[in-house]
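Visitor: I would like to learn how to read a sheet and a ligand site. Please take them one at a time.

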Amino acid sequence: MFKENLTDLRAYDPGPPIAEIMRSYGLTKIVKLDSNENVYGASPKVAEAIAGAALLPHLYPDCRDLDLRSDLSRRLGVRQNQFLFGTGLDEIIVLISRAFLNPAASIVMAWPTFYEYYCHARIEGAEVRRVPLAENGGHDLDAMQAAIDETTRIVWICNPNNPTGTYVDERSLTAFIAKVPSDVLIVLDEAYIDFVTAGDFPHSLNLIKQHPNVLVLRTFSKSYGLASFRIGYAIGTPRVINEIDKVRPPFNNPRLSQIAALAALQDQPFMQSCVRRNGEVRRMTTDFLNRRGISYYPTQANFIFIRTDRAQALQEQCRRRGFLISAFDGGIRVTLGKADDMRKLLAILESALVDLATEQEM
Ligand code: PMP
């Protein structure tokens, strides 16, 4: 009855409900730093736009996302037929996999990186080649290139990488792309691009002009604080976009999501203020970790990966005190919270790390 490809997959596990955590630990407040959401919320212009919009609940939404498409097209200097919109990048990843993969195909991706690339390749029956990150937490581009063969249809580059926050610089990326066969789609997932401050971060939209096999992904979930509205997009050549559009459900972006995204986009000062505050907290956090000699990966995103072999125990210690963070093999990923929350969390982490170290010695 079931599809064999799904046997070794697991459904997304969101962890226990917040109300349950609060009840079981007797907490009155939870600080959610486990999903890299925007801790500063969304522009107030979003609520205004939605309140002022005609609901039109009985009509299907604009299947072309025209208002959003034309605004983004002007801002980014990209033609309108180079965009594809989806119900978050989550859906775009599904659509890319659906359009490009089959059981004879393979993909190449880093490990660890965003899990959905793996999951949807497996659903399509494709082989997944997972290339461990380099010691510095970055993509090992040489090893990724070596993993490509004639079956490879997609190479995924998460830039900055979730969960490590590290990035591939322009020079390394250009050299890599030059070596990848032109019939392999290179997807640059830039979900966190707005938080980047590094001067040598790739100008990916220019890369599309030189390399038609490059596709860039961006989302309104992070810097624009619209995770709840589920809206993201891909930018590529009209040929690639058209191919993915064939598998897109026509009315995938709800009307209110399109309105919310447009309002958020038009309030650049709000987005920029989130990015600036994130940068300040990022500096404060890395200063703190440096002073305590706590190991982490340098991050360009709105989260940081702290290296520890006691990730599960640390996650539990934080949860008890009302902070939700994520545990991975080899470390924890913490969304960079508001400055006050972050100071509290860093103090908790520091004392938990000392406790765990003493426990280990005993
Ligand atoms: N790509 C990356 C790297 C992510 O971290 C996320 C969200 N966690 C997504 C894509 C999906 O984003 P969304 O569906 O909210 O647009």
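Predicted model: local features only at pLDDT ≥ 70, side-chain atom pairs only at ≥ 80, totals over all residues.

Visitor: In what order do the three strands of the open sheet stand?

Guide: Strands are DSSP runs of E, at least two residues long, numbered from the N terminus. Two of them pair if DSSP finds at least two bridges between them. Here the order is β9-β12-β11, with antiparallel pairing. Because β9 (303-307) and β11 (326-328) each have a single partner strand, they stand at the edges, and one side of each lacks a neighbour in the sheet.

Visitor: Over how many bridges do β9 and β12 pair?

Guide: β9 pairs with β12 (residues 331-335) over five bridges. Within this pairing, F303 stands opposite T335 in β12.

Visitor: Which polar side-chain atoms lie by an oxygen atom of the ligand?

Guide: A polar contact is a pair of N or O atoms within 3.5 Å. One such atom in the side chain of T219 lies 2.6 Å from a ligand oxygen, and one in the side chain of S221 is also 2.6 Å from a ligand oxygen. From D90, a backbone N or O atom lies 2.9 Å from an oxygen atom of the ligand.

Visitor: How much of the ligand's accessible area does the protein cover?

Guide: Accessible area comes from the Shrake-Rupley method with a 1.4 Å probe. The ligand on its own has 390 Å², and the protein covers 92% of that.

Notes:
Residues numbered from 1 in each chain as written. Heavy atoms only, no water. Helix = DSSP H or I, 4+ residues; strand = E, 2+ residues; numbered from the N terminus. Polar contact = N/O pair within 3.5 Å; in protein donor to acceptor, adjacent residues only side chain to side chain.
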